[in-house]
There are 2 protein chains.
Amino acid sequence: MEREVKLIQIEEDIRADNRKEAENVRTRLKETNTFMLNLMSSPGAGKTSVIIHTLQALKDKLNSAVIEADMDSKVDAESIIAAGGFAVQLHTGGFCHVDSYMVSKTLSEIDLNDIDLLILENVGNLICPAQSDTGAECNVMILSVPEGDDKPLKYPLMFRECEALIVNKTDYLRMGDFDMDSLYQRVKRLNPSIEIFEVSCKTGAGLQSWTDWLVSRVSR
Amino acid sequence: MEREVKLIQIEEDIRADNRKEAENVRTRLKETNTFMLNLMSSPGAGKTSVIIHTLQALKDKLNSAVIEADMDSKVDAESIIAAGGFAVQLHTGGFCHVDSYMVSKTLSEIDLNDIDLLILENVGNLICPAQSDTGAECNVMILSVPEGDDKPLKYPLMFRECEALIVNKTDYLRMGDFDMDSLYQRVKRLNPSIEIFEVSCKTGAGLQSWTDWLVSRVSR
């Protein structure tokens, strides 16, 4: 029985660079003074719930719209609309993340003149979305408590690429499997300036700090 | 305010077909009578925990080995080894899933003559791994209760590609957010013949049914 870990390294296959189109997206958004937020997480971490709470909290302050990206189904866009928000559904056709070309195509379907805040709900995935510039002004990720405090060790790029981390489902902390101090240490090692918000969409705890930060970030 | 969901469809960028190398992998595994299981899930659904329980349950019945695939870190391989298993760590170099070329390269590092059961712990991702044939004989996925019962609606391919679904973290059912009947209906609509095992790696519930099925599947 071997006791040491044997390591096999595979070279990265570089994706076609979509940075140029991302710059075009940023230019278009600047013309209408629209702030685009790219929200990323694992499947089921609570992106749609956070968006619904955010729209409700900001409805008297900002005109918002949502791009819901998914492999399939329209359930998330329908949830946003049922909650009174404006949403378009982007189907990525099997693609595991949103790139700037998809955003560019989607922007043509939205009247940006009316929109202060455009939230992109990326595909549920901690890997590929972190590698692709969408043209957003700001990347934010959600980690939910049941996923575990070890995720920064395994998906470091996602934690590096984000300005803010929302730790959602803090009502699950009472299950006792999650060490918040370890999470902070692991995250801050990767990204010392990241903002961290502990929230529960079920109880509403912590959401005010998140939306206050977002409003100040949009108007910066 | 528009009330209907607007849908933007992006054409799929077809990945280079790695099916031929997957067939080579299958041929190699057949020569040594090694059964390869490809285990997939979201980040944090409990792949490593299920593997550790499976190795312990089968240690007198089968010689097993584990390929731990991750973007980064060796924590999972170290966990397997600490639990007395044999594991090699595969770093995918930024790649979001394991393909058959990575498996092929990794097999060269393992003496397959001694191995009855080879478990591949794929990268934590519900999307890309479902699109890539690894050369495994059998695909199994884990869905953890905190991720929600709506996942089949959003990631249908993963549920279609698997012979068995392990619903893990059933100890979280008491949080009351998960409808098991809805899950079964959604899964069976995609994949009528899929086997479903409800387990909790924390309490041990349901794991015996899973390992019994696996043993019968290996010896089929």
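**Entry 1: a buried arginine**

I started with Arg217(A), which is buried at a relative accessible area of 7%. The model is predicted, and I kept that in mind throughout. What does the side chain of Arg217(A) meet in a salt bridge? I found Glu163(A), with 2.6 Å from N to O. I then placed both ends. Arg217(A) sits in helix H8 (residues 207-218) of chain A, and Glu163(A) in the loop between helix H6 (156-161) and strand E7 (164-168), so the pair ties together parts 54 residues apart in sequence. Glu163(A) is partly exposed, with a relative accessible area of 26%.

**Entry 2: another pair in chain A**

Next I looked up Asp171(A). It forms a salt bridge with Lys202(A), and the closest N and O atoms are 3.4 Å apart. Asp171(A) lies in the loop between E7 and helix H7 (180-190) of chain A. Lys202(A) lies in the loop between strand E8 (195-198) and H8 of chain A, so this pair ties together parts 31 residues apart in sequence. Is Asp171(A) buried or exposed? I noted it as buried, because its relative accessibility is 17% and the cut-off for buried is under 20%. Lys202(A) is partly exposed, at 47%.

**Entry 3: over to chain B**

In chain B I checked Asp133(B) and Arg19(B). Their side chains meet in a salt bridge, 3.6 Å from N to O. Asp133(B) is in the loop between strand E5 (117-121) and strand E6 (138-144) of chain B, and Arg19(B) is in helix H1 (residues 19-31) of chain B, so the pair ties together parts 114 residues apart in sequence. Asp133(B) is buried, with a relative accessible area of 17%. Arg19(B) is partly exposed, at 48%. I then turned to chain A. There, salt bridges that share partners join Arg19(A), Glu23(A), Arg26(A) and Asp133(A) into one network. My count over all chains came to 20 salt bridges.

**Entry 4: strand E3 of chain A**

I moved on to strand E3 (64-70) of chain A. How many of the residues of E3(A) are buried? Seven of its seven are, I found. I sorted them by direction. Ser64(A), Val66(A), Glu68(A) and Asp70(A) point one way. Ala65(A), Ile67(A) and Ala69(A) point the other way.

Then I checked the strands paired with E3(A). Five bridges join E3(A) to E5(A), and the two run parallel. In E5(A), Ile119(A) is the bridge partner of Val66(A). Five bridges also join E3(A) to E4(A), again running parallel. In E4(A), Asp70(A) has His91(A) as its bridge partner. I traced the chain from E3(A) through H3(A) to E4(A), and this β-α-β crossover is right-handed.

**Entry 5: helix H3 of chain A**

Last, I took the helix in that crossover. Which residues of helix H3 (residues 75-82) of chain A are buried? I listed Asp76(A), Ala77(A), Ile80(A) and Ile81(A). They cover an arc of only 135° around the axis, which puts them on the same side of H3(A). The spacing makes sense to me: an α-helix has 3.6 residues a turn, so residues three or four places apart point the same way.

I also looked up what covers these buried residues. From chain A, the cover includes helix H2 (47-58), strand E3 (64-70), strand E4 (87-91) and strand E5 (117-121).

Methods. Residues are numbered from 1 along each chain as its sequence is written. Chains are lettered from A and ligands numbered from 1 in the order in which they are written. This is a predicted model: local features need pLDDT of at least 70, side-chain atom pairs count only at pLDDT 80 or more; totals for chains, interfaces and linings use all residues. Side-chain values use heavy atoms; hydrogens and water are left out. Buried means under 20% relative accessible area, exposed over 50%, partly exposed in between (1.4 Å probe, protein chains only). Helices (H or I, at least four residues) and strands (E, at least two) are DSSP runs, numbered from the N terminus. The arc is that of the directions from the helix axis to the C-beta atoms. Contact means heavy atoms within 4.5 Å. Two strands pair if DSSP finds at least two bridges between them. A crossover is right-handed if, with the strands pointing away from the viewer, the path from the first strand over the helix to the second runs clockwise. A salt bridge is a side-chain nitrogen of Lys or Arg within 4 Å of a carboxyl oxygen of Asp or Glu.
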